[in-house]
Amino acid sequence: MATRLRAGRHEVDPALVNILGRKADFSEAGAGRSCTVIGGSGFLGQHMVEQLLAKGYSVNVFDIHKRFESDQVTFFLGDLCDKEALLPALRGVAVVFHCASPAPASDNRELFYRVNFTGTKAVIEACREAGVQKLVLTSSASVVFEGTDIKNGSEDLPYAQKPIDYYTETKILQEKEVLSANDPDNNFFTTAIRPHGIFGPRDPQLVPILVQAARSGKMKFIIGDGKNLVDFTYVENVVHGHILAAEKLHKGSALCGKAFHITNDEPIPFWTFMSRILTGLDYDPPKYHIPYWLAYYLALLLSLLLALLRPLVTIKATFTPMRVALAGTFHYYSCERAKRAMGYSPVVSLDEAIARTVQSYPGLRRARA
Ligand SMILES: NC(=O)C1=CN([C@@H]2O[C@H](COP(=O)(O)OP(=O)(O)OC[C@H]3O[C@@H](n4cnc5c(N)ncnc54)[C@H](O)[C@@H]3O)[C@@H](O)[C@H]2O)C=CC1
Ligand SMILES: CC(C)=CCC[C@@H](C)[C@H]1CC[C@H]2C3=C(CC[C@]12C)[C@@]1(C)CCC(=O)C[C@@H]1CC3
């Protein structure tokens, strides 16, 4: 069962109402200003909540954890796999944003399947039962990535037949469920946002992992020639894409049952991005090159060795074939479809995004001797 942590909703601060002088709206007819963010305690989820409140929406958060305080939000604590727990958080809202997932690093196949696949089916059923009109899923651009180059990939690329990991395999299953649930006859509309490499203040993964690698002396090598372009997307742009999607999703719109890449539209060499974050925090950037194929086979060898040793010891490698593929190949995507269908364009440039991100992690800055 979900635990409701606060009864009743507060009106938002009138100063935060949008610039047109009226409250923003998810519905054509002007009825729906309420939404639920499933996964609203997470990195992306918290940024979603902040921007939704700033635009004048009223917001419920449904999450297995409560990680922030706000008297403008109604919190519901529960597991999204439990439809009965979801229902109280979904009744009376126009839009559900589903951005909950176990962390990829948890490396737990059973959990990925249960939450991302069967849990998402529970979310869809609960939306239908609660009379929600729109469901916006946070998917991932990696659903089409197989570890080989993708340059300016469009949404027409087929789903990966060999996804890079099991987490991504369940993101594919999840996206298919959500898109096929689009049901205009019953006034239920679905869409999926596919971000890539989300970063920004309070991200618990990218910057902290990178700094940890730098502090333990593992950030010396550039895998490949360092020219491979990748999308890193500032969290506020990802949120902007989600909110636009919810606003433009209605009967007959081009968004119904479709997936959309949301990127910064400024692909950058993977190692330039890493170096800019590292130097911004006073760490040395990697400078020695190691050929891609050598790094890949070394990582493969290491993972085979660890698999052989697994009955005796369990060691989690930082240097894995999947990470080598992420760090050494091109994988950037076109967001033209989102531009056309929902009028998307990034609101924060990559330069500004990197500056804000670096500035937001004073505790990770290198201590000067
Ligand atoms: N961070 C990234 O670079 C990318 C993330 N995504 C997707 O974006 C979404 C959000 O990711 P992040 O904010 O980075 O993750 P996060 O780990 O910070 O947030 C996920 C939230 O989901 C909640 N959650 C997990 N299992 C739950 C359950 N059974 N019931 C209720 N709540 C549950 C967690 O408590 C957490 O608050 C995920 O769907 C992820 O797959 C997609 C592409 C890239
Ligand atoms: C584009 C994208 C999906 C980025 C987010 C994931 C990153 C957190 C990882 C992607 C490649 C990783 C990587 C390392 C750290 C974490 C990533 C940047 C290492 C630098 C860790 C130390 C090593 O031994 C080499 C790794 C290369 C790849």
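Tutor: Helices (H or I, at least four residues) and strands (E, at least two) are DSSP runs, numbered from the N terminus. The model is predicted, so local features need pLDDT of at least 70 and side-chain atom pairs pLDDT 80 or more, while totals for chains, interfaces and linings use all residues. Residues count from 1 along each chain as written, chains are lettered from A and ligands numbered from 1 in written order, and side-chain values use heavy atoms, without hydrogens and water.

Let us begin with ligand 2. It is surrounded by 13 residues (a heavy atom within 4 Å), and the closest are His196, Ile209, Met219, Phe319 and Arg323. On its own, ligand 2 would expose 600 Å², of which the protein buries 88% (Shrake-Rupley areas, 1.4 Å probe). Helices H5 (206-215), H7 (270-280) and H9 (321-328) are the elements that each supply two or more residues to this shell. H9 contributes the most, namely three residues.

The axes of H5 and H7 come within 11 Å and cross at roughly 75° (lines fitted to C-alpha atoms over the stretch in contact; angles from 0 to 180 degrees between N-to-C directions). H5 is therefore roughly perpendicular to H7 (65 to 115 degrees). On the H5 side, Leu206, Val207, Leu210 and Ala214 make the contact, and on the H7 side Phe273, Met274, Ile277 and Leu278 (heavy atoms within 4.5 Å). The residues of this contact are eight nonpolar, no polar and no charged.

The record supplies some context. An unreviewed UniProt entry places the domain "3-beta hydroxysteroid dehydrogenase/isomerase" at residues 37-287; such annotations may be inferred rather than shown by experiment. That span is 37% helix and 20% strand, and its end C-alpha atoms lie 42 Å apart. UniProt, again in an unreviewed entry, puts a "transmembrane region" at residues 293-313. In the model, residues 293-313 are 81% helix and 0% strand, with 28 Å between the end C-alpha atoms.

Conventions:
Parallel < 35°, antiparallel > 145°, perpendicular 65-115°, else oblique. Nonpolar A, V, L, I, M, F, W, Y, C, P; charged D, E, K, R; others polar.
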